[in-house]
Amino acid sequence: MNPTEPTSTETLSSKMKDVIDVLAMQREKRNTLQKSITIDYTKSSDSFTISRFIFECGLKLEAHPLTIATAATLYHRFTKEAVPGGYDNCLIAATCLYLAGKVKDDNLKIRDVMNVSYSTLHRGSQPLELGDQYWSMRDAIVQAELLIMRMLKFQVTPVHPHKYMLHYLRSLQAWFGEEEWSKYPVAKTSMALLQDFHHSPAILDYPPNLIAIACINLSLQIYGVVVPLMDECDQQPWFNVFCKDLTRDKLWEIMEKVMAAYDEEPETRDN
């Protein structure tokens, strides 16, 4: 072997260092901010911003995280099928949140979705009164719901990575042992990475089980945790126990997509 060529161990170590460096830079940028950034959703219509709108409205409505993830997935699927600029993105986003509440049996009332969406778009405004504007917005959401259903061919129950992640984390917990597992917030970080990945339309590009594995592996890399009885250079890494066909290159491709989602965040976006 040519001594000047990097070994697989060196390549993996370099990638792991890149992961840690990227996250350290993002933390440093956030620490320089004196206050949180309030986004004006009326001035931008990119996928990250509208997904952020869904998340903000969902949190205000106290929606279940899976409901919010469903809404973001429906929105990304709709925009993939729709003509760019042909629809009111915030109206579609609010409707996706309302529809996701129905899909996941999360009781989101249409009036609450309307008021939260309106007040998030027009910060400091009062709730809508029962008048022409209220009924016009309500009718728009109802019509948009029918449009989304038709555009997605009534396939509005996505298969989420969450169920795979729960299974994998439980297996890893038994693999590590309770005492060792409790030392690191791998489960919490993995779930946070997965939820944040729903800000990116790239969530649609990969099978849900592979996304779950990528988020877990990224979390393990962040904390420098090695799965017991495994080594980075093993011919059969830990994730092949759950998915035999997954390669290291494919895994790192997905991990890089997860990290790239944070580059669009206003707190980390370069001006």
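The questions below ask how the labels given to this predicted model follow from its computed values.

The model is predicted, with pLDDT of at least 70 needed for local features and 80 or more for side-chain atom pairs, while totals for chains, interfaces and linings use all residues. Residues are numbered from 1 along each chain as its sequence is written, and side-chain values use heavy atoms, with hydrogens and water left out.

Q: What makes up the secondary structure of the chain?
A: Helices (DSSP runs of H or I, at least four residues) and strands (runs of E, at least two) are numbered from the N terminus. By that rule the chain has eleven helices and zero strands. From the N terminus on, the order of elements is α-α-α-α-α-α-α-α-α-α-α.

Q: Why is H2 called mostly covered?
A: A residue is buried under 20% relative accessible area, exposed over 50%, and partly exposed in between (1.4 Å probe, protein chains only). In H2, eleven of 14 residues are buried. Among them are Phe48, Ile50, Arg52, Phe53, Glu56 and Cys57. For the chain as a whole, 44% of the 271 residues count as buried.

Q: What makes Asp112 partly exposed?
A: The relative accessibility of Asp112 is 38%, so the residue counts as partly exposed. Asp112 is found in helix H5. The C-alpha atom of Asp112 lies 9.7 Å from that of Lys60, and 52 residues separate the two along the chain.

Q: What is known of the second largest pocket, and what lines it?
A: On a 1 Å grid over the protein atoms alone, a pocket is an open set of points where a 1.4 Å probe fits, with protein on both sides within 12 Å along at least five of seven lines; lining residues have an atom within 4 Å of a point. Its volume, the space filled by probe spheres set on points joined across faces, edges and corners, is about 240 Å³ for the second largest pocket. The lining has 16 residues, and Asp88, Asn89, Cys90, Leu91 and Leu121 lie nearest the centre. Helices H4 (89–103), H5 (110–121) and H6 (132–151) each supply at least two lining residues, and H4 gives the most, with four.

Q: How is the lining of the second largest pocket divided by class?
A: Ala, Val, Leu, Ile, Met, Phe, Trp, Tyr, Cys and Pro count as nonpolar, Asp, Glu, Lys and Arg as charged, and the others, Gly among them, as polar. The lining has nine nonpolar, six polar and one charged residues.

Q: How do you know whether Cys90 is in or out of a disulfide?
A: A disulfide is a pair of cysteine sulfur atoms within 2.5 Å. The whole structure has zero disulfides. For Cys90, the nearest cysteine sulfur is that of Cys57, 8.2 Å away, and Cys90 is in no disulfide. Cys90 counts as buried because its relative accessibility is 10%.

Q: What makes Phe78 and Tyr87 an aromatic pair, and of which kind?
A: Rings of Phe, Tyr and Trp (its six-membered ring) pair if their centres lie within 6.5 Å; planes under 30 degrees apart count as stacked, over 60 as edge-to-face and the rest as tilted. The structure holds eight such pairs. Phe78 and Tyr87 have ring centres 5.2 Å apart and planes at 70°, so this pair is edge-to-face. Phe78 is buried at 2% relative accessible area, whereas Tyr87 is partly exposed at 34%.

Q: Which kind of pair do Tyr164 and Tyr168 form, and why?
A: Their ring centres are 6.4 Å apart and their planes stand at 35°, so the pair is tilted. Both lie in helix H7 (residues 162–176), four residues apart, about one turn of the helix. Tyr164 is partly exposed at 27%, whereas Tyr168 is buried at 4%. Ring pairs link Tyr164, Tyr168, Trp238, Phe239 and Phe242 into a cluster.

Q: Why is Asp105 called exposed?
A: Asp105 has a relative accessible area of 74%, so it is exposed. Asp105 lies in the loop between H4 and H5, and has a positive phi of about 55° although it is not a glycine.
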